[in-house]
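The sequence and the structure come before the points.

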Amino acid sequence: QAAVSDVQLVSATAFQLLKQRANGAAEELINKYEQGTETKSEQELLAIGALKLGIPGQEAQGLSLLEQAAKMAPKEQQPQLLLASAYLQQGKYKEVEALAKEWLKDEKMKVQGLNMLAFSALQQGNDAVALQYIQDALAAKSELPFTYLLKAVSEQAKQDNAAAKATLET
């Protein structure tokens with residue numbers, strides 16, 4: 001329990017330092033915390049990894065920590081979604097797609113997988129591919145607002161403003 005509160009304190013402090021653009025101080029704080037703990041829980045890896053993504057030059061280490069956390073908890077959604085989001089931020093579309101395709105095998109994660117594949121396709125300008133994933137998510141009875149947002153973005157990309165508006169009003 002102490003480790004969780006320690007990482008929360010370090011995370012909150014480092015986040016404030018990053019907001020103040022004191023990247024060096026945030027990096028030093030994170031490094032000291034890492035040196036002081038031998039084994040790290042999934043939550044610690046997630047927190048430190050997410051922080052490192054925000055520090056220039058530390059992105060690769062942050063991504064590595066998120067990958068470790070996701071491996072520690074392969075069936076938990078939070079680490080998987082954070083990792084996919086980090087891959088997207090880094091433009092690592094092949095990794096996003098591989099992760100999302102794994103989710104398709106799990107009924108609890110299937111719609112998130114389809115959404116992530118659609119979002120990745122949209123980011124790469126593959127609107128037709130994105131629309132197919134969105135339609136698959138809707139066919140899977142998605143009730144996630146993100147699915148409808150993706151559908152509206154896809155319709156907007158096709159200059160179909162009326163359809164996009166109708167989707168958002170659904």
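The numbered points below go from the whole chain to particular residues.

1. Basis of the note. This is a predicted model, in which local features need pLDDT of at least 70 and side-chain atom pairs count only at pLDDT 80 or more, while totals for chains, interfaces and linings use all residues. Residues are numbered from 1 along each chain as its sequence is written, and side-chain values use heavy atoms, with hydrogens and water left out.

2. Overall architecture. The protein has 10 helices and 0 strands; helices (H or I, at least four residues) and strands (E, at least two) are DSSP runs, numbered from the N terminus. In sequence order the pattern reads α-α-α-α-α-α-α-α-α-α. The C-alpha trace spans about 55 × 35 × 25 Å along its principal axes.

3. Burial and surface. Of the 170 residues in the protein, 39% are buried. Here buried means under 20% relative accessible area, exposed means over 50%, and partly exposed lies in between (1.4 Å probe, protein chains only). The protein exposes about 9700 Å², and carbon and sulfur atoms supply 52% of that area. Accessible areas come from the Shrake-Rupley method with a 1.4 Å probe; for residues, only the protein chains shown count as cover.

4. Contacts along the chain. A contact means heavy atoms within 4.5 Å. Among contacts between residues at least 6 apart in sequence, 41% join residues at least 24 apart.

5. Is E155 buried or exposed? Because its relative accessible area is 8%, E155 counts as buried. E155 lies in helix α9, which covers residues 145-157. A polar contact of 2.8 Å joins its side chain to that of K151. Such a contact is a pair of N or O atoms within 3.5 Å; within protein, one must be able to donate a hydrogen and the other to accept it, and residues adjacent in sequence count only if both atoms are side-chain atoms. The E155 side chain also reaches the backbone nitrogen of A164 at 3.2 Å. Leaving aside residues up to four places away in sequence, E155 touches D160, A163, A164 and T167.

6. A nonpolar patch. On the surface, L144, F146, L149, V153 and L168 form a nonpolar patch with about 410 Å² of accessible area together. Patches are made of residues with over 30% relative accessible area and no salt bridge; like charges are joined within 9 Å, and nonpolar side chains (Val, Leu, Ile, Met, Phe, Trp, Tyr) within 5 Å. Helix α9 gives the most to this patch, with 3 residues. F146 lies in α9, and F146 is partly exposed because its relative accessibility is 33%.

7. Salt bridges. How many salt bridges does a search of the whole structure find? The search finds 5, a salt bridge being a side-chain nitrogen of Lys or Arg within 4 Å of a carboxyl oxygen of Asp or Glu. One of them joins the side chains of E28 and K32 (3.3 Å, N to O). Both residues lie in helix α2 (residues 23-36), 4 residues apart, about one turn of the helix. E28 is partly exposed at 44% relative accessibility, whereas K32 is exposed at 54%.

8. Two further salt bridges. The side chains of K105 and E102 meet at 2.9 Å, N to O. K105 is exposed, with 66% relative accessibility, and E102 is partly exposed, with 47%. K165 pairs with E169, the closest N and O atoms being 4.0 Å apart, and both K165 and E169 are exposed.
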